[in-house]
Amino acid sequence: MNDLPLPTGARSSDRANTPPVYLDNQASTPLDPRVLEAMLPYFTEHFGNPHSESHVYGHNAMAAIDAARADIARLIHADPREIVVTSGATEANNLAIKGAAHFLRAYPPADGPSRDHIVALTTEHKCVLESAVALEREGFPVTFLPVGESGLVDLDALAGTITDRTLLVSIMAAHNEIGVIQPLAEIGALCRARGVLFHTDAAQAAGKIPLDVEAMKIDLMSISGHKMYGPKGVGALYIRRRPRVRLLPLIDGGGQERGMRSGTLPTPLCVGLGRAAVLAAAEMESEAKRLLELRERLRQGLTRRISDLRINGDLDHRLPGSLNFSVPGLTAAQLIEAVPSIAISTGSACTSAAVEPSYVLRALGLSDDIANASVRVGLGRFNAAAEVDFAIDALATAATRLRGVDGKAGRDDMNGTGEYC
């Protein structure tokens, strides 16, 4: 995707006119050119409103959306009628969690216990955690279940948390920061046996690992287009029909998407998401194998050059292109700033005064120093081995240099409180 890397020892200024090597595919993936090609006609000649039923322009647009809906459903082994188009995974997560809770409050069962209890892991994406907190303010009891150092759910602890009042369990399929993959089938079986809805945020997992909503007994699943080489601004929520899951909508209006999500559907974006799903289904196996090889090349190369490198999260149950690591003695911000020729990221949230260590890594039991040193690398479809080798050299060289300055990393970059900002 980028030009071949410079030789060892080359200055970052030598790449001044070269875009950084992109290794942040968990934040967003580039649009696949084949996806763009499928989308373009729906910006121009096929511009009709898909909800205009009186003419061929509307019919053609809706036919394209229906085909895309079928492609999305096929990727996760669902029925097309179970796919609701959203603006992305954040909206889908909000609709799943709040919609289920509000429906049961509005229409409590005539017999049996009233279910209102929500369970989520402490490491969930912010939009899941904040949705749960919003419900907590409305009086819904919420349990935030801790995880171990691996980042994986403790199934026994989860079973012990579920009561006869539990309505929904929300656990991310693959983690956006540390890449760990949860045991979805086991979680689904546990929830189904206890009569509890199972929602999973699959924004990072969809298109990268096999997902089967039937086999895994998943009731609600959120998907994001731009995490799977599709366009930004579109996603989907899978809502099981049998046994039927009922939600109250978040958005009122013309009743589109079977009343679940009103508003005119963006035909080009829907087409793009559908095409991305087709490509993912066809290429997932070979792509996963290639990315795993690149990730191991990266991990082994960094470990050879940085002897005390720490890998965060379970290494065996992990997305093939995902690596999260810490370099003791450095903050992530220092290391990232020292390698402008590479686009990587950190889980830390920077305020004007300081860097707050990643809440995810603190939930794994890591110290603030290690959590604040975490760097996320996300390899993707368009990365090559030469880029990985360049990243190894750039990161290792920068770490050695930074840790060799006066024997202490980046003292001059710290503010008066001793915190890097």
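**A colleague's note on this predicted model**

1. Let's start with the cysteines. The count of disulfides comes to zero here, taking a disulfide as a pair of cysteine sulfur atoms within 2.5 Å. Bear in mind as you read on that this is a predicted model.

2. Cys191 has a relative accessible area of 0%, so it is buried. Cys127 comes out at 10% relative accessibility and therefore counts as buried too, the cut-off being under 20%.

3. Helix H3 covers residues 89–106 and helix H4 covers residues 126–137; they pack with their axes 9 Å apart, at an angle of about 25°. That angle makes H3 roughly parallel to H4, because angles under 35 degrees count that way. The crossing of H3 past H4 is right-handed.

4. Who touches whom? On the H3 side you'll find Thr90, Asn93, Asn94, Ile97, Lys98, Ala101 and His102, and they meet Cys127, Val128, Ser131, Ala134 and Leu135 of H4. Sorted by class, this contact of H3 with H4 has six nonpolar residues, five polar ones and one charged one.

5. Now over to Val388, which sits in helix H11 (residues 385–403). Is Val388 buried or exposed? Its relative accessibility is 1%, so Val388 counts as buried.

6. What is Val388 in contact with, leaving aside neighbours within four places in sequence? The partners are Leu294, Arg297, Leu298 and Leu379. Have a look at Leu23 as well: Leu23 and Val388 are 365 residues apart along the chain, and their C-alpha atoms are separated by 8.8 Å.

Key: Residues numbered from 1 in each chain as written. Predicted model: local features only at pLDDT ≥ 70, side-chain atom pairs only at ≥ 80, totals over all residues. Heavy atoms only, no water. Axes fitted to C-alpha atoms, helices over the stretch in contact; angles between N-to-C directions. Helix = DSSP H or I, 4+ residues; strand = E, 2+ residues; numbered from the N terminus. Parallel < 35°, antiparallel > 145°, perpendicular 65-115°, else oblique. Left-handed = near helix turned anticlockwise from the far one by under 90°. Contact = heavy atoms within 4.5 Å. Nonpolar A, V, L, I, M, F, W, Y, C, P; charged D, E, K, R; others polar. Buried < 20%, exposed > 50% of the residue type's maximum accessible area, 1.4 Å probe, protein only.
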